[in-house]
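The sequence and structure are shown first.

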2 protein chains.
Amino acid sequence: MKESLNLDYIPKGYSSLAINCGIKDKSLDLGIIHSEKPANAAAFFTTNKIKGAPVLVGKKHINDGLIQTLIVNSKVSNVAMGKKGYEDALYVCKKTAENLNIKTDLIFPSSTGVIGRPLPVDKIVNAITNLKTKLIHPPDFKTFAEAIMTTDTFPKYVSKKIGSSSLIAVAKGAGMIEPNMATMLTYFFTDAEIEAEALRKIFHKAVDNSFNCLSVDSDTSTSDTALILANGLAGRVDLSLFEEKVFEAAIELTKMLAFDAEGATKLFIVDIEGAKDNEQAKKIGKSIINSPLVKTAIYQGDPNWGRIYMAIGKTPDVEIDEEKIELFWGKTPKKYSNDELKSLSEYIKSSREIYLKINLNIKDGISRVYGCDLTEEYVRINAFYTT
Amino acid sequence: MKESLNLDYIPKGYSSLAINCGIKDKSLDLGIIHSEKPANAAAFFTTNKIKGAPVLVGKKHINDGLIQTLIVNSKVSNVAMGKKGYEDALYVCKKTAENLNIKTDLIFPSSTGVIGRPLPVDKIVNAITNLKTKLIHPPDFKTFAEAIMTTDTFPKYVSKKIGSSSLIAVAKGAGMIEPNMATMLTYFFTDAEIEAEALRKIFHKAVDNSFNCLSVDSDTSTSDTALILANGLAGRVDLSLFEEKVFEAAIELTKMLAFDAEGATKLFIVDIEGAKDNEQAKKIGKSIINSPLVKTAIYQGDPNWGRIYMAIGKTPDVEIDEEKIELFWGKTPKKYSNDELKSLSEYIKSSREIYLKINLNIKDGISRVYGCDLTEEYVRINAFYTT
């Protein structure tokens, strides 16, 4: 996973800030990425019906397809704070815009952390005074990735060359912040020139087949956000190459997120084939990677294929035929008979990336989903602390 | 929970057998309850699309609304064994019927345990030779309840007086059997005289509002079965009293199951009020008791109400208004402000039964659901063993 980490290709026209503004004790808690010109932008948000205030403000600001500046704080998520929360998120945008001499709706805000606590607006506003002089160029995406971390154990970013343009993609999660739920944030920055609608389509497809195929614990954060900015400074780019590279970056970040999930020791990649359609394949895949009994079996290498069957069968509204189901394990897919369970157990135990391919032999629907194991450490991280 | 355990009222006309037939090493693994005459019967089964062979046979045999004999083995579930599994389940029924001189379709079979292993048919058939002479009367429901246990830590049964008739209800689960998924089995026996259709309706309502409101880990077994027999020997009974007592027994067993769930230390009872309708209330309740982040918070008394909000909000297709949600904790419901979180934490930490009432203030839909906490012990029970 970590072998993907690189900042070899930095898109033009971006500057950054990553500081401690006093929300956390010492470590970085505020990150800003600023584009020298407004960028075509697309974003996708949490499906949770309770949405963080920054999500609501961000949705509004990206409405015209243009964003110039991203401002993210960690540790306090500004969720479930009612009208006050919305006003706070908007106020941070206003102050950021004032300092940069740009319009407020060019600012995209994010917050991640504990729910139900007021955003420390003064600390943030104080930290961005004279923001123009504080922004560094070339931008430092590594410290930005650090500033948005919660219980992540390493900052997550990748960079890609796309023709004459570059792409940086950053993500955080799926970790816990004292004391709250996992939040997934991911931001993509490029200097390629892409129209807003094409950008939206490409990014939607990438997000849907990567981050949306990931589940750590089936709990959906109120703050999930995926954002892409394309400021166009590197000129036009081959669209299919661009699509390929955005997807590649999304997959690499998705794997990092699963791998760094709370308490996880194994990445679990499940391919569903032969489903009635792709949607059913994804539902069945999600049912498997979300099953506590499957996740605990993966943890200690229990070759308990009965639990996989159970998870397939409990998926609502899908078509399966028990007799036709085939299971293959490993990067080079292999069937294991009941006499070979010991060797299957050894494969699971000795691998940090577990591959499972399931052929339902119904039609040609396929999907790949990303999960992880469930360990005592997950319980500890999420149970033992006092607010 | 255990205070409900009693066998004060034994319905007439039943006899029993509980023995070790050699599937387990030493402990009881085969239980039979036999009615001296065919009983009106109703049953409900797992919604998992992969169903155990005994479920398929049982469904067929109960089709005419009459059952006389229940035969249950533990340790091997006879699931995912294809045609052979079905034939094995049917063969056990045939042999049981032969020994009792009754028709095969009066036999109701159940199995619970590991998936994907052949049923030890010979051991079972051997054990039921001369079954008539082995059945004891009055029946011993306690040893029967023991014979169907997997990782349950205590046998689960209640008895009720209903006018001149009696009711015994028995359950097992939601425990693990080496090495498989939780299976919930529950059997109700009465000597009341109830027509099959009325019995079905009353039992359906009771099951739907008790066992179907229970979730230990969101995993649905392939063998779940709820069965009621009414042999009529005690004559007619007041139907509304009967309905009330069946529901009472179902709720008491449901609480026992949640309390005895794998690794659980706390029973978590959640009342949803003010939902758009009862169905939405149940969905939201299930989303809460299935959330790993809520379950871990309950475990160590983390007063993290943000996780409750998250779980409400992630429920698919329900109507909520974040601003209107109210949370009340305790058997005598009490609101806790952010300044009182320490006292809320103490309530959760010090209680073995946690009560949470949520008013959504939308309409008048209500539901009560039953769950438990998620502990390291759950992970251990389900992760650490070798097949």
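## Nonpolar core

In this predicted model, the largest nonpolar core holds 238 residues. A:Ala169, A:Leu227, B:Ala169 and B:Leu227 are the members that touch the most other members of this core. Leaving aside residues up to four places away in sequence, A:Leu227 touches A:Ala41, A:Ala43, A:Leu70, A:Phe108, A:Tyr187 and A:Phe188. In soluble globular proteins, nonpolar side chains tend to be buried together.

## Contact between chains A and B

Chain A and chain B each bring 53 residues to their contact. On the side of chain B that touches chain A, four helices of chain B supply at least two residues each: H9 (292–299), H10 (305–314), H11 (341–350) and H12 (376–383). H10(B) gives the largest share of that side, eight residues. By residue type, the side of chain B that touches chain A has 23 nonpolar, 20 polar and ten charged residues.

## A four-stranded sheet in chain B

Chain B has an open sheet of four strands, ordered S10-S11-S9-S12, with mixed pairing. Strands S10 (326–329) and S12 (365–372) of chain B are at the edges; each has a single partner strand, so one side of each has no neighbour in the sheet. On average, and ignoring direction, neighbouring strands of this sheet are turned by 15° against each other.

Strands of a sheet pair through backbone hydrogen bonds, in parallel or antiparallel fashion. S10(B) and strand S11 (residues 353–359) of chain B run antiparallel and are joined by four bridges. B:Phe328 lies opposite B:Lys357 in S11(B).

Note on methods
Residues are numbered from 1 along each chain as its sequence is written. Chains are lettered from A and ligands numbered from 1 in the order in which they are written. This is a predicted model: local features need pLDDT of at least 70, side-chain atom pairs count only at pLDDT 80 or more; totals for chains, interfaces and linings use all residues. Two residues are in contact if their C-beta atoms, placed from the backbone, lie within 7 Å. Ala, Val, Leu, Ile, Met, Phe, Trp, Tyr, Cys and Pro count as nonpolar, Asp, Glu, Lys and Arg as charged, and the others, Gly among them, as polar. Two strands pair if DSSP finds at least two bridges between them. Axes are lines fitted to C-alpha atoms, for helices over the stretch in contact, and angles run from 0 to 180 degrees between N-to-C directions. A nonpolar core is a set of buried Ala, Val, Leu, Ile, Met, Phe, Trp, Tyr and Cys residues joined through C-beta atoms within 7 Å. A residue is buried if 20 or more other C-beta atoms lie within 10 Å of its own, exposed if 12 or fewer, and partly exposed in between; C-beta atoms are placed from the backbone.
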